[in-house]
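Hello,

Here is the structure I promised to pass on. Please have a look at it first, and then read my notes below.

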Amino acid sequence: MTDPMHIRFRYTLLVTLFIICFFGSFLLGKYPIDPVTLIKILLSKVIEIPQDWPNQAETVLFNIRLPRVVMGAVIGGGLSCAGAAYQGIFQNPMVSPDILGASNGAAFGAALGLFFRDRLSWCIRQCLYFWTAGGKPGFSH
């Protein structure tokens, strides 16, 4: 059995690394933002701080980097949950999405999107219909 202090240390280390990578990713990019400016810009939304940074830094931070970093964290969390669900269902730590055909379905959806890119709204409606209603047995209109 694993020691509870060892498990707590592991979780603390992983959360700390996630926070460092999360905030560190705001600093990387074509338009450099130093850490002090990053903290000032983030705190300016919570408390009143006199602005001594360029408007471009705030625009880059909130319109480009923040959505990308948040979506990357959300998508990564979703993928990790999906992987854990696969491992739990099949009781196999080496399971992959190919077993149930999820990779083939994703490839087919991407091919449909490329093929119908001129009529994308039609394709999205059809995919949404088949995803919600068509995939559920016993669904009646």
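What share of the contacts in the protein chain with a separation of 6 or more comes from residues 24 or more positions apart? Such residues account for 35% of those contacts, where contact means heavy atoms within 4.5 Å.

Before the rest, a word on conventions. This is a predicted model, in which local features need pLDDT of at least 70 and side-chain atom pairs count only at pLDDT 80 or more, while totals for chains, interfaces and linings use all residues. Residues are numbered from 1 along each chain as its sequence is written, and side-chain values use heavy atoms, with hydrogens and water left out.

**Overall picture**

The protein chain has 5 helices and 0 strands, and its pattern along the sequence reads α-α-α-α-α. Both kinds of element are DSSP runs numbered from the N terminus (helices: H or I, at least four residues; strands: E, at least two). Of its 141 residues, 12% count as buried; the classes are buried for under 20% relative accessible area, exposed for over 50%, and partly exposed in between (1.4 Å probe, protein chains only). The chain exposes about 11300 Å², and carbon and sulfur atoms supply 69% of that area. Accessible areas come from the Shrake-Rupley method with a 1.4 Å probe, and for residues only the protein chains shown count as cover.

**Helix 2 against helix 3**

Helix 2 (residues 35-44) packs on helix 3 at an angle of about 75°, and their axes are 11 Å apart. Axes here are lines fitted to C-alpha atoms, for helices over the stretch in contact, and angles run from 0 to 180 degrees between N-to-C directions. Helix 2 is therefore roughly perpendicular to helix 3, a label for angles of 65 to 115 degrees (under 35 is roughly parallel, over 145 roughly antiparallel, the rest oblique). Leu38, Ile41 and Leu42 of helix 2 make the contact with Ala57, Glu58, Leu61 and Phe62 of helix 3.

**Salt bridges**

How many salt bridges are there? The count comes to 2, taking a salt bridge as a side-chain nitrogen of Lys or Arg within 4 Å of a carboxyl oxygen of Asp or Glu.

One joins Lys40 and Asp52, whose closest N and O atoms are 2.9 Å apart. Because Lys40 lies in helix 2 and Asp52 in the loop between helix 2 and helix 3, the pair ties together parts that are 12 residues apart in sequence. Lys40 is partly exposed at 29% relative accessible area, whereas Asp52 is exposed at 54%.

Another is formed by the side chains of Lys45 and Glu58, at 3.0 Å from N to O. Lys45 sits in the loop between helix 2 and helix 3, and Glu58 in helix 3, 13 residues away. Lys45 is exposed, with 52% relative accessibility, but Glu58 is buried at 18%. Beyond its neighbours within four places in sequence, Glu58 is in contact with Ile41, Lys45, Gln51 and Trp53.

**A nonpolar patch**

Val70, Met71, Val74, Ile75 and Leu79 make a nonpolar surface patch of about 460 Å². Patches take residues with over 30% relative accessible area and no salt bridge, joining like charges within 9 Å and nonpolar side chains (Val, Leu, Ile, Met, Phe, Trp, Tyr) within 5 Å. Val70 belongs to helix 3 (residues 55-90) and is partly exposed, at 33% relative accessibility.

Best wishes
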